[in-house]
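Colleague: I would like to learn how to read a structure feature by feature. Please take me through this one.

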Amino acid sequence: MRRLVERIRRLSVSLWTLIVPPTVWAGHFLFSYLWAALNCAKAGRFATFPTLYVAGTVLALLLIAAAGAIATVQANTPGDPPPHEQSTDLDRLRFLAVATQLLAVLSAIGVVFTATPVAFLTDCR
Amino acid sequence: MDADNRIRQEGGTTAREATIDAIIGRRVTGSVLPALLLAACNRHQSALAPFGAEAASTRTLTIVLLVAAVVIAASMTLLMRHAIRTPGERLTHDQGMKLVLWAGGVFPTILLFALLAASLPLMRPAPVSPADLRIKVEGEQFWWRVVTAPGPGQLVSANEVRLPVGRTVAIDLAGGDVIHSFWIPGLAGKMDMIPGRINTLVVRADKPGRYRGVCTEFCGLSHALMAFDVVAMEPAAFDGWMAGQRGASATASAAAPGAALFARYGCGGCHAIRGTDAASAIGPDLSRYGNRATLAAGILPMTTANTAAFIRHPEATKPGVRMPAFDHMPEADAVAIATYLQGLK
Amino acid sequence: MTDLAAPADYVAPDQNDPAVRAVQEDRLRAVWQPPSGWFFRWTDVNNNRVGVWYTLTAFAFMLFAGVLALIMRAQLAVPENDLVTANTFNQLFTLHGSTMMFLFAVPMFEAVSIILLPQLLGARDLPFPRLSAFGYWSFLIGGVFVTGSIFFNAAPDGGWFMYPPLTTRTDLSGLGADIWMLGLSFIEVSSVAAAVELIVGVLKCRPPGMRLNLMPLYAWYILVVAVMILFAFPPLIAGDVLFEMERLLDWPFFDAARGGDPLLWQHLFWIFGHPEVYIVFLPSIALFAMLIPTFAQRHLLGYPWIVLAAVGTAFLSFGLWVHHMFATGLPKISLAFFSAASEAVAIPTGIQVFAFIATLWAGRVIWSTPLLYAVGSIAIFTIGGLTGVMVAIAPFDWQAHDTYFVVAHLHYVLIGGTLLPLFAGLYYYWPLVTGKKLSDRIGRTAFWVMFAGANLAFFPMHLSGLEGMPRRVFTYPAELGIGGLNMASTLGGFLFAAGVLLVCIDMALSPTRAKSPRNPWNAGTLEWLAHPDDEDWGIRSVPLVTSRYPIWDQPGFVDRVDQGRFFLPDAEEGRRETIITSVIDARPIQVARLGMPSVIPMITAVALGSVFILTTYHLYWWALAGAVATLAAVLTWLWTTAEIPEKPCKPIGHGLVVPLYLSGPSASGWWAMFITMMADATAFSGLLFGYYFFWTVHPDWPPPGHAGPGRFWPLVALALTIASWAATVGARELNVRGAVAAARVLLGVALLASLASIAAGLAGPWTSGLVPSAHSYPAIVWTLAIWTTAHAGIAAICQGYTLARSLAGRMTPEYDADLRNITVFLHFLLATAVATYLTIGLFPELRA
């Protein structure tokens, strides 16, 4: 476990990793829109328990959780006292990790918000 | 109120002179400046004065949202004031971050989620059965083609929607030329009328009376002058009205001099009057024109003078109107046609 | 950097010696000297000057659009008014909205950023000064063209979102629609250009030490907003293309009778339109993020939270567009997704606002005029935000949509979220630009006048909307009982205008006032190094930054900068230079030579503008001539870029020696190309979306009676594009290994393959006889083919250009930026070609 944590800490972070969680949200949102639009336009209806949709949503949440977990480990890298505002590798890592972590929370909330309508609306009208 | 009662008593068929109708669309210039809020209470075209189930539930939602918004805005203002007035160092970094997390993050998330969950069921349209009344409305620049109960025995009309109270009605909306939007604020939310598409709005009126609807999607020069009358009737009165309307409408005044002029000026090239040779669907159907409360799509009170003036110079009332001007027509002819049309009941 | 060393005879200058410093300053002054003369002064490209022109122009457009609004309010003051005709009124509101959005809000953000960004980043200028100048001239030409139309009674009159078919049917709409589409497309191009400039500026021009975690929050917001522009504007450009094809060539994309669908425009417009709201709102938050710490005299609380909010808002804002289409009759489930996202987007906004409140709470607040504006605008914005949450609820929106309630909502958002914050920024940053403070007395009076005016004007509109007043009406019947509400709105509107007038008076009085001290607000961020008697060089030496608030936290910081004790204190070679650093950690990697004043950006803007303007008047041959002139100007301009330096590297102080030339992913030019192509690819996906959108609305696709372009020619075109791409990549690899001759041959081959792919790409629809005006299917197939082959044409020009550079000795194995940059273009071309040709060639086959 500790070795895993060490490996995670050494994973490189960048502006690209920062946007992984919201990108997953965007992908899930697009998936939601297309799923509903295609079902309604081409089939005229969708299933009352849409397996595909649930699977896509769970997958999105898992990806966001993974990105968030990695970021959490990295955000807690020991060293450098707070307030973490120095021009050091560690503080820069920690900043990006905290921002990623927060974005993961927001993205997860976003996915839950997006998926909620499927529980309430069950036809194409 | 007066008008509502009269419609109820008289089955709506002769209510065109009801007082509220008479003021709909009356052109008053230089009106006095009424007090700000007192004036703001019309009862025939307002989302705050519902006469239908959808609009009523939306009004409740509106009030809840407004109260919440006022409370939140007020607390934010007070909080900001407090934050600015507090001397420095009273709030530590950690406390500050807790404020951001709870007041800026967690609290809004919970509130918004609750709001979302509460609003989603309201989005579901009421169920429609094949037996329910359907009304097809098509938006044209700048009037409304209304077909009540499309199919055999359908009733074609223009600029007036009649519907029974207490019954589910499905209104099928389409755009004839450009995009319009169909809005009866007191009945339900609006729905766009888009060329090539048919949108269905499911409504149920609860209170008989005369109301007004308008076009809410910008549709050209006279977008502001594209309204229509709405008459909600008791079911029995509605059924009676339907039965009475289906027949030819010209019997009362076929011999009127205006009838011949109507034909001679080629009005039938665009307009239809049931029971006569005029059967074109390009312009508004004029059958039983005299029963309508307003003319020019909810803009002018139904008077002979207004009708005659509109025939000769429609663009004076409605810029950009598709109907050609008949400015060469002698006024007497226009009045005769107007009299004929008004006699169609 | 380890392989770099200063020349053996190099002696580091002694910054303690005032004489040395004076000589350095003379050299810097000479290099950064602005051009003079009644004409040539306008050929300047320095961000300080271009930024000011840009800001003043955008401000002027705002005043103009404000006057239009006053005329509208006068018309609506009483029911049944006849001050202006319906025709004039429609032009007024269309131009008011379009001008405020396209000629004020977005350009203003870019203009302010062009002024501020280099200062914030301790850079001498932005990486592409000439591009800024080009953007400015394009903006000016396009803006005057669009707004001027109203004086000829030819202004667009379809509303700022120009819904077809009202606007595409040439019998229902006139020249105004073309002026809107083509004039604003031109401005969108300049917006995208500015976005490229700003992104590269933030990522590559930071001072050494300013890692991502130390970036001023303004820079974070600029980065986020510029990226949003990159993804939001291109769908509108795609929509504009379809729109003009329908208007000029009768290709029926939005004509339902021929298989088109008006809703396609609404999708493309609002995919742009909603992020647009955040594009104009986030920069205001960025201004707050700079001035609130100053007046709280402490670091902003929750730096990563603000970054979270900026990035989160940017993403979520792309999932809101259908909430402008709640009444279009889409399935309720689709609406609900967008309703949900529209609720969720309020969360990051809440976090932003509370971070500011917490900062003010924790700090010792110095009350000031800019802070008054900031706090007041947050209050107004909060009301707009709350009504925003209301209209995000679909059932409520069905009532409020397209009524004055929405007019009230959007004005609260834009006044609280854009206009008043800009005035906050104006009062805050005026000393930075002019060296003088504005009047507190006039400023505060103006604020309260505007605050009262805004509320009096817009609050009653909530009620008039619910009372049945649709938006965009030139009149309303007295019997609605909303005359009083409208009179209040009109009075409020004029009151607000009086407040704006006071601000203008305050600015006009500024030259009569005394200079203020340097950094008058005692701020902590880099831009306040600016001196009241400023030099044109931007910053005396590029600092090493180790704090978010270096002026507060780094001892002796200002003096060290002023005495040239940091990096690049000199201009030995007589060139304008700035330091390029790495993206994440801001390590210095290059000294970039910047463009000098030149007339070329202006000429390019005029030439490109002529293409759009002449097309509006259907002068196609003249427009073609303009296009050729544009190409010539661009190539002339490019020829001067990526020049091979006289020496490979130079010392910048403190023992650091960095190269003068970079190519590939670490170079700013490569990034500019990459970012531009992201925008281009987004525009293409807008067109591709059109194809699949039509597929979903038609039960049969291709529709019966319309055969597709076949499989053969699309696949041939694809193969040729792949060949062109492979040859270019091969040329790059051979060139870097020194096989220059072979690389040139491959470039020639690539050029021929590109040209051949044009013929093959068009052959598909041509040989199968697809008539684009017959139906939306042939129209969209032709559009995709033309888009892709046009890009193949650009690829051919790129390849020919690079070949010429190689032959002219301006590109060598060592200095190969041109070849690396065009390879980026080819990568994107390949992706475009794969999507296009597989879609038009195989998609109908797959479903059969």
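The dialogue below goes through a sheet, a core, a chain interface and a chain shape.

Modeller: This is a predicted model, in which local features need pLDDT of at least 70 and side-chain atom pairs count only at pLDDT 80 or more, while totals for chains, interfaces and linings use all residues. Residues are numbered from 1 along each chain as its sequence is written, and chains are lettered from A and ligands numbered from 1 in the order in which they are written.

Colleague: What is the strand order of the open sheet in chain B?

Modeller: Strands of a sheet pair through backbone hydrogen bonds, either parallel or antiparallel. Helices (H or I, at least four residues) and strands (E, at least two) are DSSP runs, numbered from the N terminus, and two strands pair if DSSP finds at least two bridges between them. In chain B, 5 strands form an open sheet with mixed pairing, in the order β3-β2-β1-β5-β8. Its edge strands, β3 (155-158) and β8 (199-204) of chain B, each pair on one side only.

Colleague: How many bridges join β1 to β2 in chain B?

Modeller: There are 6, and the strands β1 (residues 133-140) and β2 (residues 143-148) of chain B run antiparallel. Within β2(B), B:Trp143 stands opposite B:Glu140. The pairing of β2(B) with β3(B) is also antiparallel, over 4 bridges. There, B:Arg145 has B:Ala158 in β3(B) as its bridge partner.

Colleague: Which residues touch the most other members of the largest nonpolar core?

Modeller: In soluble globular proteins, nonpolar side chains tend to be buried together. A nonpolar core is a set of buried Ala, Val, Leu, Ile, Met, Phe, Trp, Tyr and Cys residues joined through C-beta atoms within 7 Å; buried means that 20 or more other C-beta atoms lie within 10 Å of a residue's own, with C-beta atoms placed from the backbone. The largest core has 450 residues, and C:Ile199, C:Tyr221, C:Ile222 and C:Val224 touch the most other members. Helix α7 (residues 262-296) of chain C gives the largest share, 24 residues.

Colleague: How many residues of chain C are in contact with chain A?

Modeller: Contact means C-beta atoms, placed from the backbone, within 7 Å. By that rule, 35 residues of chain C meet 36 residues of chain A. On the chain C side, α9(C) gives the largest share, 9 residues.

Colleague: How many helices and strands does chain A have?

Modeller: Chain A has 5 helices and 0 strands. Its C-alpha atoms fill a box of roughly 60 × 30 × 20 Å, taken along the principal axes.

Definitions and conventions:
A residue is buried if 20 or more other C-beta atoms lie within 10 Å of its own, exposed if 12 or fewer, and partly exposed in between; C-beta atoms are placed from the backbone. Two residues are in contact if their C-beta atoms, placed from the backbone, lie within 7 Å.
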